[in-house]
There are 2 protein chains.
Amino acid sequence: MADKERRTRAFEEVLLQIERRIEDDGLRVGDRLPGERNLAEELQVSRSSVREALRVLETLGVVSSQAGRGPDAGAILTSRPDSALSDLLRLSLGMSSLSTREVIGTRLMIERWSAETAARRTGAAARPGSVTPIEMDALDAATRAMEAATRGMDAAESAAEFVRHDIAFHVAIAEASGNRLVAAVMRALRDAMRRHAIDAVERLGDTTALREDHRRIHAAILAGDAPAAVEAVSAHLAHAYPEHF
Amino acid sequence: MADKERRTRAFEEVLLQIERRIEDDGLRVGDRLPGERNLAEELQVSRSSVREALRVLETLGVVSSQAGRGPDAGAILTSRPDSALSDLLRLSLGMSSLSTREVIGTRLMIERWSAETAARRTGAAARPGSVTPIEMDALDAATRAMEAATRGMDAAESAAEFVRHDIAFHVAIAEASGNRLVAAVMRALRDAMRRHAIDAVERLGDTTALREDHRRIHAAILAGDAPAAVEAVSAHLAHAYPEHF
DNA sequence: CACCAGAGTATGGTCTGACCATACTGAGGC
DNA sequence: GCCTCAGTATGGTCAGACCATACTCTGGTG
């Protein structure tokens, strides 16, 4: 750089400058930021520093980068910097204050849909090659998770251990739906689920009914019986959280 | 790299691997992560990619980097990675590769449930004080967003503008369900929705039917008619994405 | 032995320049 | 007019270098 100092803190400076620039230029959601190379020259830092700053802004949901050329390439402003942190962070920070009702409600929504969709897909797989290898993998994973949960929980095993396999099973079913977005959401909710599930299992004491539910869900999906799958999922959550039904 | 491909997505992969490593190695707050150079070699990526991942973890408060040497230098774990957060993060990063089918499927799942639940709650509000002020606020917000979308889209307004209000409307309904988790997920999906919604609106050209759908959804929820609300939501998405129904 | 100064070194921070993958642009040929 | 294909701008990644920092170790000195 031209000056003698300021070799460190370049990244921080860049982050600040980019945000100020968004503010000053009055950029609106959807607008395009200058390219990485231009920004680097403009701010008198290396492209590496610019990239680190942009990557951070990307994970914060402020910009969204896309390679290629044309009006949709480059870093697109997807949210104002001030409100940026919120969406993702608010969720994770506030996660601990969620009520069991909210978590169960969400699980019901996602898992009934997942089981239904997964069953429909396996059902349709009889004719065309409808179920891709990926989803077969997910079903295999579900089988394994189910067996792991069954094998372990004889008596002494901890509730936490059972819940781990339990959650793996339910995530696998979401993956078997063939919708990566739903699966990702389900994975994102793992921690919230775990907290409440451990409580529930400890209160129940016995997991026999829950394991039996797993088998019914699994069987219904493999058989392509969507209504039975939905019913089995509902019953499962009702067994685990009877006070909410 | 040893392999032929996988030149892209290195950063995402690294983020995942580092988090898994923290998990698997049972690192505790205060422990030290391997150096950037070691991580790079271990994960078979360049130091740049490792740095981007670490920088992200740093801004998320998971690690804290310090130059120099000794036990306090390097990347120190300052907080367990809330896997919920990072999964959601990865979700927003990888969102661009999602198909319209996946986004629509997810929207159908969330929005039908939200509308149904919101309607049930307003319906039940006749007797006890069931609908909290928060949810009334959400309904008001939905009303405003709906009106904004109606007012604007005379002719010349951009599809992007309409979609902004459209999404605000749908998020408000998720909030009206009274389940903060579902609402948070819906907010997190805004970006993914926006991309596909803009395409759809531009293809349609006319938003009359969509605005009429909004009114029906809104009215059904206010009337506490859950089946009608679900039906209206389904119809709305079918109008916007006829090719997926 | 106790202490301190200086060389050695490991680490993060930054820079440079290169190549790849992607996706639009536009000139040329049919 | 339409299509093909080279050109080019962009983000993504890589490799290697140097700097700044701060600990560690060595060796001399009292």
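Trainee: What volume does the second largest pocket have, and what makes a space a pocket and not a cavity?

Mentor: In this predicted model, the second largest pocket has a volume of about 1200 Å³, where a volume is the space filled by probe spheres set on grid points that are joined across faces, edges and corners. On a 1 Å grid over the protein atoms alone, a pocket is an open set with protein on both sides within 12 Å along at least five of seven lines, whereas a cavity is a set of points where a 1.4 Å probe fits but cannot get out. The space in question is therefore called a pocket on the ground that it is an open set.

Trainee: Which residues lie nearest the centre of the second largest pocket, and what makes a residue part of a lining?

Mentor: A lining residue has an atom within 4 Å of a grid point. For the second largest pocket, 33 residues form the lining, and A:M109, A:W113, B:M109, B:R112 and B:W113 lie nearest its centre. The elements that give two or more residues to this lining are helix 5 (100-124) of chain A and helix 5 (100-124) of chain B; helices (H or I, at least four residues) and strands (E, at least two) are DSSP runs numbered from the N terminus.

Trainee: How does the lining of the second largest pocket divide into nonpolar, polar and charged residues?

Mentor: Its lining has twelve nonpolar, eleven polar and ten charged residues. Here Ala, Val, Leu, Ile, Met, Phe, Trp, Tyr, Cys and Pro count as nonpolar, Asp, Glu, Lys and Arg as charged, and the others, Gly among them, as polar.

Trainee: How many cavities of 30 Å³ or more does a search of the whole structure find, and which residues lie nearest the centre of the largest cavity?

Mentor: The search finds seven. The largest cavity holds about 100 Å³ of space; 13 residues line the largest cavity, with B:D166, B:A197, B:V201, B:L210 and B:A240 nearest its centre. Helix 7 (159-176), helix 9 (190-204) and helix 11 (226-240) of chain B are the elements that give two or more residues to that lining, and helix 9 of chain B has the largest share, four residues. Ten of the lining residues are nonpolar, one is polar and two are charged.

Trainee: Which residues line the second largest cavity?

Mentor: Its lining includes A:R107, A:F162, A:D166, A:L210 and A:Y241, and its volume is about 80 Å³. Helix 7 (159-176), helix 9 (190-204) and helix 11 (226-240) of chain A each supply at least two residues. The lining divides into nine nonpolar, one polar and two charged.

Trainee: Why is B:H218 called buried?

Mentor: Buried means under 20% relative accessible area, exposed over 50%, and partly exposed in between (1.4 Å probe, protein chains only). B:H218, with a relative accessible area of 12%, therefore counts as buried. This residue belongs to helix 10 (residues 208-223) of chain B.

Trainee: Why is A:Q44 called partly exposed?

Mentor: The relative accessible area of A:Q44 is 45%, so A:Q44 counts as partly exposed. B:Q44, at 42%, is partly exposed as well. A:Q44 has a positive phi of about 60° although it is not a glycine, and B:Q44 likewise has a positive phi of about 60°.

Trainee: How do you know that the buried residues of helix 2 of chain B line one face?

Mentor: The buried residues of helix 2 (residues 36-43) of chain B are B:E36, B:L39 and B:A40. Seen down the helix axis, they fall within an arc of 100°, so they line one face; the arc is that of the directions from the helix axis to the C-beta atoms. The face turned away from that side carries the exposed residues B:R37 and B:E41.

Trainee: What makes A:R55 a charge over the ring of B:F11?

Mentor: A charge sits over a ring if NZ of Lys or CZ of Arg is within 6 Å of the ring centre and within 35 degrees of the ring normal. A:R55 lies over the face of B:F11, at 3.8 Å from the ring centre, and B:R55 lies over the face of A:F11, at 3.7 Å.

Note on methods
Residues numbered from 1 in each chain as written. Chains lettered and ligands numbered in written order. Predicted model: local features only at pLDDT ≥ 70, side-chain atom pairs only at ≥ 80, totals over all residues. Heavy atoms only, no water.
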